[in-house]
Amino acid sequence: MNLIGSNTNDFLHNNVKVLRSRVSKTAYQGIVVAVAALVVATLGASYYATGGITLDGIAFVQRTNMALWIMDAVPFVFAFWGQYSSTILAYEASALVIDQTQELRERADNFEKQARYNVTHDLLTDLPNKELFYDRVEQGILSRDSSQRYLSVLLIEIGNYKQVSDTLGRNASDSLIRQVSVRLKSAYSSPATIARIDSNIFSLLLTNIENKESVILQAENIHRALEEAFFVDKVKMACQANIGIVYFPDHGGDVDTLVQRAGIALYVAQNSNKGYALYDPSYDEHTPRQLTLISELNQAVEREELELYYQPKLDLTNNRVSGAEALVRWNHPRHGLLLPDHFVPLMERTRMIQSLTRWVIEASMVQAVKWAQAGYEICLSVNLSAKDLNNPELPDLIAGLKGRTGVNPEWIMLEITESSIMSNPETAFEIINRIDQMGFRFSIDDYGTGYSSLSYLKRMPLKELKIDRSFVKDILTDESDAVIVNATINLAHNLGLQVTAEGVNNPAVLQKLKREGCDVVQGYLLARPMPVGAFEEWFESNASRPESALTE
Ligand code: C2E
Ligand code: MG
Ligand code: MG
């Protein structure tokens with residue numbers, strides 16, 4: 001900023017100098033014209049008075065001719081006027097430029113402030129958004145004083161939001177939400193934090209609570225504040241609010257657990273006639289499985305319940321097993337082995353996905369190092385979540401793990417999806433480029449299911465395109481799928497990329513892919529994803545003659 005300031009000052013200073021010299025130049029020209037006119041007039045007057053142009057004649061007319069006296073003064077007038085007006089003009093101009101620069105700076109500052117504000121606020125209600133709310137709860141937890149007072153999080157759901165939106169339209173439901181936000185704001189002033197964390201869910205953080213019962217009173221207050229009828233598009237309506245309540249520290253030690261358990265309480269509140277519920281661990285048994293899974297995920301990493309399975313990839317160009325994909329599994333104590341589709345999307349809704357990604361990357365790197373030491377020539381594919389490409393800390397996290405595990409980046413291929421890039425392309429590019437510079441490779445997973453444009457693909461430092469298995473499985477029967485696969489293979493090759501087909505589960509499909517020029521295949525035909533021990537056994541007996549696996 002200082003640099004910009006000093007540059008601007010130099011610039012201004014130079015401008016003023018130029019301006020002054022221009023004005024002075026005009027004044028000098030005036031002086032030259034005036035002196036020339038004086039000389040011509042003096043010579044003319046001398047000739048007229050004495051009949052010739054002599055020094056005596058010139059001296060005579062200069063002494064006696066009043067008109068020449070006036071003309072004598074003109075150059076001085078010009079000089080004075082030039083100096084004076086150039087100074088004034090330059091002064092006014094510089095003041096103008098300074099004013100405008102100041103205005104521009106103020107506007108830029110305002111823009112910056114607005115952009116910062118938008119990142120942390122909900123534009124419809126002007127309330128803090130989810131990110132800011134989570135941050136405030138974290139701060140509340142950290143700054144809780146030793147007086148052992150409680151902190152409480154309330155989730156307030158507007159139950160008829162969807163119904164209003166479906167029947168009266170989006171503007172009407174927006175209007176209802178805005179009115180509710182105004183009522184909540186007027187019912188709670190600071191130090192309570194009110195936020196809008198989802199389309200129809202507000203959240204309230206109460207700090208410094210003396211006893212738990214007082215929060216129940218707060219919930220009743222909210223119901224009272226929302227009791228009066230709302231007018232939306234001149235239609236009178238009631239707002240059906242449900243409230244889920246949790247306390248810190250009783251119901252969770254961190255914001256994710258607190259919000260998740262407030263969600264469970266909210267679920268119970270929806271089915272109660274009071275319209276609010278205080279979380280109780282016994283609710284976990286009766287709520288939908290996925291609501292409770294989120295809270296258990298927190299401990300899954302610590303309890304070492306996560307495990308990587310490995311599925312081999314066969315390189316058709318040299319008939320070697322050249323890689324494997326690491327696929328996460330959760331050995332759940334009650335539900336048994338859970339596939340990623342059951343918990344990865346849930347984690348992506350909270351910041352827990354960052355811990356999963358960290359665990360998966362670290363475990364994959366450790367495994368890649370072990371295999372390299374055992375002489376396996378395998379590149380390990382690791383799935384990143386769509387949310388990871390929004391996390392600016394990812395490159396540093398990967399750099400740290402690379403240092404810690406000693407992995408050679410060439411042993412790792414990071415799989416990203418088209419939609420993860422397209423949701424925020426500029427941030428994604430920056431993150432991808434930084435990781436690429438460390439030497440890791442990138443692959444586009446599930447290619448064909450997203451909407452990435454060719455120009456984006458060209459800009460990215462990619463190594464591989466993986467054709468989604470939905471196109472591969474019907475390649476023999478569905479003409480359009482066959483066309484898509486063929487076009488993708490050509491496109492990838494033209495971009496200098498390797499093509500992997502996922503979900504290859506029958507020999508005829510494999511033969512067709514071979515004919516189309518596909519480079520690598522992965523699928524149940526070769527092997528299913530396996531725990532590390534089983535994978536190593538499979539690899540030892542199939543790496544050099546994978547065709548035996550294909551014909552068994
Ligand atoms: P994906 O990355 O496209 O992984 C391929 C999925 O297809 C795997 O399912 C694999 O078991 C399955 N598959 C492979 N060959 C065949 C086949 O021949 N037929 C059929 N029907 N399926 C086949 P999985 O392991 O259930 O993983 C599902 C998705 O979960 C993955 O799709 C990936 O998007 C995500 N995922 C898996 N592991 C991770 C992880 O560590 N982190 C993240 N963020 N996501 C993961
Ligand atoms: Mg994948
Ligand atoms: Mg895939």
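## Basis

In this predicted model, local features need pLDDT of at least 70, side-chain atom pairs count only at pLDDT 80 or more, and totals for chains, interfaces and linings use all residues. Residues are numbered from 1 along each chain as its sequence is written, chains are lettered from A and ligands numbered from 1 in the order in which they are written, and side-chain values use heavy atoms, with hydrogens and water left out.

## Magnesium site

Asp445 (OD), Asp446 (OD), Glu502 (OE) and Glu502 (OE) coordinate the magnesium ion (ligand 3) at 2.0 to 2.6 Å. Donors are N, O and S atoms within 2.8 Å of the metal (3.2 Å for Na, K and Ca); water is not among the atoms, so sites may look incomplete. The spacing of the donor residues in sequence is D-D-x55-E.

Asp445 also bridges ligand 3 and the magnesium ion (ligand 2), which lie 4.0 Å apart. Asp445 lies in strand S13 (residues 441-447) and Glu502 in the loop between strand S15 (498-501) and helix H18 (507-516), so the pair ties together parts 57 residues apart in sequence. Helices (H or I, at least four residues) and strands (E, at least two) are DSSP runs, numbered from the N terminus. Asp445 and Glu502 are both buried (under 20% relative accessible area, 1.4 Å probe, protein chains only).

## Contacts of ligand 1

Oxygen atoms of ligand 1 lie 2.7 Å from a polar side-chain atom of Asp445, 2.6 Å from a side-chain N or O atom of Arg469 and 3.2 Å from one of Glu502.

Terms used:
Buried means under 20% relative accessible area, exposed over 50%, partly exposed in between (1.4 Å probe, protein chains only). A polar contact is a pair of N or O atoms within 3.5 Å; within protein, one must be able to donate a hydrogen and the other to accept it, and residues adjacent in sequence count only if both atoms are side-chain atoms.
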